[in-house]
Every structure is written in structure tokens, then in C-alpha cells.
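Me: I'm new to this one. Can you walk me through it?
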Amino acid sequence: MTILDRDDTHSPAAPSQPVGTGRPLPLRVAVPLAVAAGLALLVAFPPYGVWPLAPVGVALLAAAAHRRRLRAGAGLGFLTGVALFAPLLAWTNLHTGYLPWVLLSLLQAGYLALLGVATAWVSPLADRVRWAWPVLTGLLWVGQEALRDRTPFGGFPWGRLAFSQDTSPLLRLAALGGAPLVTFTTALVGGLLVTAAWRAWAAARPPASPAEGSQDADGGRGVTSARRWAPVAAPAAVALALTAGGLLVPVATAGSGATTTVAIVQGNVPRLGLDFNAQRQAVLNNHVDATIELAARVTAGQERRPDLVVWPENSSDIDPLRNPTAGARISQAADTIGAPILVGAVLLGPGPGQVRNAGILWHPGTGADLDQLYTKRHPVPFAEYVPLRDIARMVSKQVDLIRSDFVPGSTPGVVRAGPAVLGDVICFEVAYDHVVRDTVDGGAQLLVVQTNNATFNVAEARQQMAMVRLRAVEHGRPALMASTVGVSGFVAPDGRVSDATGFNTREVVVRQLRLDDGRTLATRLGWWPEVTLAALAVAALVGAAVLRRRQRVMPG
């Protein structure tokens, strides 16, 4: 006889009810666990950075949704999502009001609601096969992220489990399978933790009724007290060994090619907020003046002369190709420092009412190099362009603050800067696997992230730096992030950050880097780790459906 969820009807034919032995946790326990799961996941991310709490959060949600009805699983997952995303994305409401923040947070929480449904759905598999639960947990997290990273309007990968592991031994796994493998392993560890905790709870609780006899919650016979801790200790020990084992994955500590000296110029803005764009001449002047000051230190022998200077996104929101004054100022900076400058610029066109968010190489003496120009491929919906504008206007008239839609580029950001081939991505693009990988496949030796954090805060900047660290390890490349206001800095191929700047400050940092042309296993495999894991997640959902059907037709 099947033992059903305590919150369900006891009819074996009731729709959507959990199938399998044992009972779910009481709702009075499951609801706080779901909220605690979201908060644990939150604290795992920068600026807190307590990475061990990521698998703990995964374990808490898995325990809360296990053996529940699908609706209950959805509700518990949604609670976890709100507890995670509402504070994680709080920087989105600093200057745009509460509505965009609330809508984005609820949308992202909806994906964790789907994860809660999936967790409840595969419960029979987790009950039937003793070691299935950890693997199922890892697969479902990868599947959820694969969907969230792509939908709607190209997706929003912020808050991926992998991005919480920037100081964890598991970060090294990015060199083998990229962000999907790091997410899978983090969630797998969480699945091992919940397996251990659930068995400890099952062994400690008395049988609910004589019908249960001496069966424990995993469907097995009761165990003697001498053996009680074996099924608890084994998954916990594997979780610890798996986490520590990340340290055994070999990663490069430095590039193996030629050396080059790179300067990051963080010019700062007169004041934070959306109106930084109204100060665009002052922002451009800040970056020009900071570069000229660097040239003076070079002349005085106080600083090494750079081979390349990187300015951040929006360092010239005046189109320097059409505005002679802006172009002359950038040329002044390039001529004075005697090195090419990668300028983050807003370019008008190609059509009326359209603009491009671009990185353009500016040479001393000759000016703009139109052959080395990267246009952002993944503009941010409702921030850089407005899809379904008429419908969006019904929700909020603030969408009309975006008067010109940014047009996406069509080619990867491979910029040949003379001393180095750059893999240029702009702002949020660093969160998208394929955007970064395409530059490495195109020959990039140094990963460059141009960003503008003037409309956000230091928490958002540190979350973005965590993504840069993962990309450096994933592709075995030195990397850097150049921000208008911070945080800027260099990242070694093993993920170590050097010369990180403060927030809302004007700073220039210079570092000699060793470039790299090699390809990690993750680079060679490309999208296959994610495709394989997501396909296995779908297979698990199908397998659970088959098992549920078989158990429902069994005689009571």
C-alpha cells in the first residue's frame, strides 16, 4: 500500500499526489525550510560570499519539496526564489523604482517554482534508488538554469549556482565543463547533504502507523542502532570529498604566451544614477584626464608604459565617430599615452532611432580603427531596448525613458589590439556562456569585460567580478573587468583577482600579463556538458512519469 503525502487525500487514484514510500515533511516545517533555502543561497553569492551555503540552500529546498504534491512543490520553490532573487537583485531598483525589481524578481522566482515542481515529480525515483537523489538534484538545477538562461528574450543568467562558487574549490571544475558543470556539482553536493540529513531524520523518527512496520522513509527495513549512522555518514563524506576534490583539478596559474602590459582606467562619474548619461562629457573627460595623468607617471618613470589601455563601457556616450570634439579628446589621450585604447562608446545608427553599445579600438596617431569594433550582441531587454513596447507601456510608462533601442551586433567580440587578441564582452554579457566562449574560439588571448556600474551598486559589481573569475578559469585565460565606477581589476587564469579597485572612485591600475592561446577541456567541449546534463534531466522527468504510472496501477 502506498503511503501518501500527509497533505493529500488518501485515495490511491488522487491526481498529482506524490507516489512512493514515506511521507513528506510537514508543511509547518517545509515552508520555513524553503525560505531558509533562498536565504542560504543568497548569502553564498557576493558581496557575502559564504560559498558553502549554496549546497546547503539546495539541500533545504530539496527536502522541502520532496514527496509533495506538484502545487505544493511549486509554492515552496517560489518561496525559495523570492527569498533569493528579491535581495540578490535589489540593485535593480536603486534608480528605476520598485516595479522593474519586483517584476524581475518574481519572474526569476518562477523558475525555482518549476524546479520545486520537478523536485516533487521525481520523488519516486529518489525513493526507489538510494543514490539517485543527489544526481537528480544536480540534473534538475542544470535544467532549470538552462531554461532560465534563455527565456524570455534571451534569458537572465544572474544567480546561477556556479557564480556563487568564485572562492570555492569547485570553481576549478569550470576548466572541465564550464558553468554547467560547476552548477551540477554544487547541487550534487547539496543532494548528498539532503540525503544524509533525510536518512538521519528517518532513522530517528518512530513509525507513523503499524502499517509502516519497521520500514524507514527510504523504503528499507529498520536498521540496528550500530548501523544507523552508516547511511548518514556515507553521503556526507562523499559531499566533503567531492568539494575538496576540486582542488585536484589542474588549472593554469598564468598564461603561457607572450607578455603584455595593460592599463585599466576607471574614470568614475560625477554622481551615480541614471542621469550619469546627462554628464557624458564629464565622464569622457574623466577617462581622458586619468589616461593623461597615467602618461605623466610613465614619463616620470613611476609606472610601466602600457601596451594597451582599456576604458569601460559608456566611457564615451558621445559618439566619437560623429562628434569631432569627443573624437579629438580620445585621440589626445591615445597620443599622450602612446598606446591603443579600447573605448566603450555609444555609437549612433545604423538606422534612425537606433544606437549601438560598442567597444572600439583607438590608435595613437590614426584614431578609430573601424575594423576592430565590437558591437554588443546581447542588449538587455527593458534596459537597452524595449520588446513589445506598446504592451510594456501599459505596465509602466518608464519604458519610454529608453528612447532609442540598442541594436545587437552579429559577430563575436574578437578585437585584434596589436600586442594581444582581445575577447571583448560588454557588461551583462559575461553571464552568457556562448558569448564569452565565441571570443575564445575566435582566437582571444585576453578576456576583457567592459562594464558600467554607475546605475547599480558595489554588490552588483562584485557579483559581476565573480562571473569574470569563472570565465578566466573556464577558458584558461587572463581576464580583466573595466568599470566606470568599480569594481575593476585583473583576474589570473586560476581565478585569483589582482589590483581590484574601490567603488565610486577614480583609479588607474597597470599590470603585466602573460597571454595564452591554449584551450581548456571546457572550451573544446563547448555547449555539450550543458546539453548532456539537461538531456539527462529531461530523461529523469520522463522516468519519474513512467514509475508513477506503474505504481498507480499496482493493486493496493
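Me: What kind of model is it, and how are residues numbered?
Reply: This is a predicted model, where local features need pLDDT of at least 70, side-chain atom pairs count only at pLDDT 80 or more, and totals for chains, interfaces and linings use all residues. Residues are numbered from 1 along each chain as its sequence is written, and side-chain values use heavy atoms, with hydrogens and water left out.

Me: Which strands form the open sheet, and in what order?
Reply: The order is 7-8-9-10-11-12, with mixed pairing among the 6 strands. Strands (E, at least two residues) and helices (H or I, at least four) are DSSP runs, numbered from the N terminus. Two strands pair if DSSP finds at least two bridges between them.

Me: Which are the edge strands?
Reply: Strand 7 (414–416) and strand 12 (497–498). Each pairs on one side only.

Me: Why is strand 9 called largely enclosed?
Reply: Because 6 of its 6 residues are buried, strand 9 is largely enclosed by the rest of the structure. Buried means under 20% relative accessible area, with a 1.4 Å probe and protein chains only. L446, V448 and Q450 lie on one side of strand 9, and L447, V449 and T451 on the other.

Me: How does strand 9 pair with strand 8?
Reply: In the parallel sense, over 5 bridges. Strand 8 covers residues 421–426. D424 has V448 as its bridge partner, and L422 has L446.

Me: What does the chain pass through between strand 8 and strand 9?
Reply: Helix 12, in a right-handed β-α-β crossover. Right-handed means that, with the strands pointing away from the viewer, the path from the first strand over the helix to the second runs clockwise.

Me: Where does helix 12 pack?
Reply: Helix 12 (residues 433–441) packs on the sheet and touches strand 7, strand 8 and strand 9. Contact means heavy atoms within 4.5 Å. The direction of helix 12 makes about 165° with that of strand 8. Axes are lines fitted to C-alpha atoms, for helices over the stretch in contact, and angles run from 0 to 180 degrees between N-to-C directions.

Me: On to strand 10. Is it buried or exposed?
Reply: Strand 10 (residues 479–483) is mostly covered, with 5 of its 5 residues buried. A479, M481 and S483 point one way, while L480 and A482 point the other way.

Me: What are its neighbours?
Reply: Strand 9 (residues 446–451) pairs with strand 10 in the parallel sense over 5 bridges. V449 stands opposite M481, and V448 stands opposite L480. Strand 11 (residues 489–491) runs antiparallel to strand 10, joined by 3 bridges. A479 has V491 as its bridge partner there.

Me: What's in the turn between strand 10 and strand 11?
Reply: The two strands form a hairpin with 5 residues between them. G486 in the turn has a positive phi of about 110°.

Me: And helix 13?
Reply: Helix 13 (residues 458–475) makes a right-handed β-α-β unit with strand 9 and strand 10. Helix 13 lies across strand 9, strand 10, strand 11 and strand 12, at about 160° to strand 10.

Me: New topic. How do helix 2 and helix 6 pack?
Reply: Helix 2 (residues 53–65) and helix 6 (residues 132–148) pack at about 105°, with axes 11 Å apart. V58, L61 and A62 in helix 2 meet W133, T137 and W141 in helix 6.

Methods
Buried means under 20% relative accessible area, exposed over 50%, partly exposed in between (1.4 Å probe, protein chains only).
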